[in-house]
There are 2 protein chains.
Amino acid sequence: MNVLAKAEAGVTHAELANAIRFLAIDAVEAANSGHPGMPMGMADVATVLFTRFLKFDAADPAWPDRDRFVLSAGHGSMLLYALLYLTGYPEMTIEEIKRFRQLGSKTPGHPEYGHTPGVETTTGPLGQGLATAVGMAIAERLLGARYGGDLVDHRTYVVVGDGCLMEGVSQEAITLAGHLKLSKLVVLWDNNSITIDGAVNLSDSTDQVARFKAAGWDAWHIDGHDPQEIAAALSKAQQSDRPVLIACKTQIGFGAPNKVGTHGVHGAALGAAEVAATREKLGWTAPAFEIPGPILAAWRAAGARGKVAREAWTARHLGEAATRFDSETAGTLSPDLAETIAEFKRAASGANAAQATRVSSQKTLDVLAKIQPNLLGGSADLTGSNNTKAADMQAVTPVDFSGRYIHYGIREFGMAAALNGLALHGGFIPYGGTFLVFADYARPAIRLSALMRQRVIYVLTHDSIGLGEDGPTHQPVETLASLRAIPHLYVFRPADAVETAESWELALQLKHAPSVLALSRQNLPVVRTAHKAENFSALGAYVLREAPGERDVTLLATGSEVSLAVKAAEQLAAQNIKAAVVSIPCFELFAEQEPGYRAAVLGQAPRIGIEAALRQGWGAVLEPQDFFIGMTDFGASAPAADLYKFFGITVDAIVQAARAAAGHGTVS
Amino acid sequence: MNVLAKAEAGVTHAELANAIRFLAIDAVEAANSGHPGMPMGMADVATVLFTRFLKFDAADPAWPDRDRFVLSAGHGSMLLYALLYLTGYPEMTIEEIKRFRQLGSKTPGHPEYGHTPGVETTTGPLGQGLATAVGMAIAERLLGARYGGDLVDHRTYVVVGDGCLMEGVSQEAITLAGHLKLSKLVVLWDNNSITIDGAVNLSDSTDQVARFKAAGWDAWHIDGHDPQEIAAALSKAQQSDRPVLIACKTQIGFGAPNKVGTHGVHGAALGAAEVAATREKLGWTAPAFEIPGPILAAWRAAGARGKVAREAWTARHLGEAATRFDSETAGTLSPDLAETIAEFKRAASGANAAQATRVSSQKTLDVLAKIQPNLLGGSADLTGSNNTKAADMQAVTPVDFSGRYIHYGIREFGMAAALNGLALHGGFIPYGGTFLVFADYARPAIRLSALMRQRVIYVLTHDSIGLGEDGPTHQPVETLASLRAIPHLYVFRPADAVETAESWELALQLKHAPSVLALSRQNLPVVRTAHKAENFSALGAYVLREAPGERDVTLLATGSEVSLAVKAAEQLAAQNIKAAVVSIPCFELFAEQEPGYRAAVLGQAPRIGIEAALRQGWGAVLEPQDFFIGMTDFGASAPAADLYKFFGITVDAIVQAARAAAGHGTVS
């Protein structure tokens, strides 16, 4: 039963675990940077998990039905790198271990998804590995409900530290997991009682087992250095009908005779003397970075353990279901996408009634959901406000994962991290809604969406003072700028139903990037009244209305302010001032266009920027001396129309500024 | 004992509570916007609390020893406004109630601190009221340890909803409060089982009472509509040796015959028919916005209940301790501040050794702590990395609040919200540390610091790729821009020990604004080698090194890149290119200077911006065509020096760009 017992009799558990410990010790020592204490403390748990329980085949890190292993305590990255090397993952050579934390190595300071095969998600920002793993575990249940256990039946294991459990996002994650009864999720808590500042009891007295039980989990304590207890706990976890926390009592820096159990071993190299003393104490005689042959062979056997299961899975992976499975897990887009969007746009461009872009988004989703079965919706308890639930979507419940809409609860950060997990797992194009201003709550996970280049779509409604009475706590003014600052994140702010549909099409097509759709609460008239099949929003910015002849002024606007610019241009035309209107649904895509196109769109005339937000982020299209009509401070509580007037974001203000810019007047 | 029983016999509890309900109903109806369900559900709890337990005198909302009441579920703002009106707070007239959610009223959509007397903190972003209240409760214990119960002995009451408890920050708050045994903190949970999307059990199954107990709280359930049970619970809470959760089972929209207990009553006006039916059902015959005389009189008596206690407190508030108390709660700065900083600068300007600005910050704190007793330090478990613990500071513990350093644990968001509560409470100038990149975790509370104009100081170290090996998860590239986007937040990025001390002085002097100090992990040479007592950082930007004669180019840099600019200017001088170096420790202060000064500093020559971060936010000082030497993407894991070279932020790159800008070459 124990593969190792058969394959490599004579290699002890302690030797296997010490191989992890010394790779971590030696790598941190060589880099003179890193965190040895955690890998040393969790080596026993990891050894039992990887040699006897985790379903994986190191030769195929992308096997869809593998168990997921997430190192939420990402600073302990050498634990993971050691495991990847020992079990024989491609690309993880001993040379890479020696290059720990060096430029270009496969062994950066914290595990980076997409950079190192075997790393399931980028971790380091604490708590998020756990919350991301919840998304992975949800994905497994969803796919299981669609394809059955023959194709989908795997677990998600997460190693967390005290830091992960103190971070608030961990509460959002565990209550969501507990509610959904994610019984294939197993959390291994490195309960070492030490944080950077010292003992955990300097700052925390939580009964974690009781806390997890209160969230609907099974949870119990074990000795994290006793391989029998570890194995028994992992066996027991497989029988649970709910998610499981195994609280593993460990010693940080296990084996270091002088530094064990202290915060001194958390985040610094042990130093030559302590390394030598640790070798002595653990009886490890091999030189630095050398793993004795039998020990390495035993580990490599463990890494190949899953080959049989993987091949059996491949043999079952046949027929129409397998084809669908492959297509959906690959995130393929429907061949009908372009036509569906074009049809939607044709109808929308001819509509007379004003419509909030959040409603346009819902109507787009109503048609997208029909053609894109892997589109997975949800909201952080603002379903009716975010308009995120498409007509065809049924809610997921703890007993029925066949639906494709998730009530994430009032957990913006937990939702965003789960969206990352859903995207990373494969099988879904996940989107989730909240108010734009509450992107701040989810921001650390949005950053990881971007860093990991995941196709996660954030539907962020109530995108300006146009939300009205809820006031400054709910009105984003700096939020667009703060999101546009994140590299690789595409921020769409569509002007009407047509641009909303185009933005959705682009967000789906951006396979390797997250997107934000910033949508209005208030109704907006159609500005794209002439139907064109071409997706103009793909250009980032385009001339919506050209001036008749050489421009006197160019009005640049986004979202709800584009229609104001159009009206202003009409009034200016009556005053013989030739104004062009440029709509900018996406600054990031505009920045990617050819310089010639960008110059032509922006033109030579003086420019006026118009957006119900702060000016920051407009530096690429406005000169310092150009006018900007927008916000300069937080908002206020009042009906939306009163606020636009109060803050001077009006057609009149644009006309006045345009006259001044064109040399026909001054702005008071 | 029951003041009301004496003063206004004949007025029933139900009448008092219904007065709240109908003010809420009528105000939301008039605005056709708002949240009636929560005030209707929590009216009984609030009535018992305000008429029999809360220590306050409506005539003096600023009495320092009042109990604090925080409405964390801020969308139920009409509950608070009704209470303020009924108990007779200044400025809260019936006209203001009628102007609920209108421009300029005292009754905005969510309670806004500083706008409405009696509002202790701005709420609406869920969970933060609770976390802020934890800071207030800490402040009470700290002041109590300093001044004794004669001057400081009050409680903090918080009303939370299901949303507050689902938000992760609530976990950070309750575990911190439980750890510190904040026994004067009482949380009243509006346990109505309803969220915006529907029933709570759509998204959550948490046993909240068990969860709070796991965090070290007393917690139990009561009927939130039974005044006897409510009173008994509030009495019992006063006896606890730990913080208390009272789970009040309520009906959202209590009294509305058709909408009670549904999410339909959460966030929308009831409508005329349901309003009429509710009047009928509750036997309320008064017209809209009218409170029958005896009922209003009874409420006003409740509002004056605390007069005796307040006057007794004033009588005790005498002598030297009272003088110190007043000075410290007023946040007065030491008269020795200017001299202390000047002395520090004199020594620092003459120092030869390079020093990280995080270390310079610690050394500044070492001297500030001696002269500014209300300076309260802390860190989110990065004390040794943030260098936040001044030499004289002792840690606060659950049994000893005489210290002035708080180990906040790995709770950036909870820490930031607590800092807001500490500042709002009065008595302290609080600062807290984490890594700059993890400002994202705390961002929703930083936003509230700014919205509330609170003097909270964020010490954010490891401020660029200069942190090295920890890699892109830990390296801020967009964080400076995202913080500079927040109105009323001052972001300092000092270049050396001198600017660090100046930044601290300014952060203390900015009594009505929060500040960020972005500090380097890596050592930096002194650039302000000539001592001047004047605080140049107060100008936001200044010419650190003028060109000899008319400028060929102006180098603008911040923080760790200023010394690169100085070296580049030296090399350029050797090539007969006249470069000025402008240091910009604070963009926000620079924007506040006279146009003439700004123009003189920026000069007419071509400019080059230099900052190890993204360009966004430099639009006010750079033209679109100006060079910028900084980051264009996320960072990487490697030693800091390797990263600066890899990303091209070097003296050579500046020299090359300057030559091109000055017309002496091109940039490859």
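Visitor: In which strand of chain A is the place of Ile194(A)?
Guide: Happy to start there. This is a predicted model in which local features need pLDDT of at least 70, side-chain atom pairs count only at pLDDT 80 or more, and totals for chains, interfaces and linings use all residues. Residues are numbered from 1 along each chain as its sequence is written, chains are lettered from A and ligands numbered from 1 in the order in which they are written, and side-chain values use heavy atoms, with hydrogens and water left out. Strands here are DSSP runs (E, at least two residues), numbered from the N terminus, and Ile194(A) sits in β4.

Visitor: Is Ile194(A) buried or exposed?
Guide: Buried means under 20% relative accessible area, exposed over 50%, and partly exposed in between, with a 1.4 Å probe and protein chains only. Ile194(A) has 12% relative accessibility, so it counts as buried.

Visitor: Which residues does Asn192(A) touch, not counting those up to four places away in sequence?
Guide: Asn192(A) lies in the loop between β3 (185-191) and β4 (194-195) of chain A, and it is buried at 9% relative accessible area. Contact means heavy atoms within 4.5 Å. By that rule the partners of Asn192(A) are Asp162(A), Lys249(A), Thr250(A) and Ile252(A).

Visitor: Where does UniProt place the feature "binding site"?
Guide: UniProt positions follow the numbering used here, feature names are shortened, and annotations may be inferred rather than shown by experiment. The entry is unreviewed, and the positions it lists are Asp162(A), Asn192(A) and Ile194(A).

Visitor: How many disulfides does the structure hold?
Guide: A disulfide is a pair of cysteine sulfur atoms within 2.5 Å. In chain B, the sulfur of Cys164(B) is 13 Å from the closest cysteine sulfur, in Cys248(B), which is too far for a bond. Over all chains, the number of disulfides is 0.

Conventions. Helix = DSSP H or I, 4+ residues; strand = E, 2+ residues; numbered from the N terminus.
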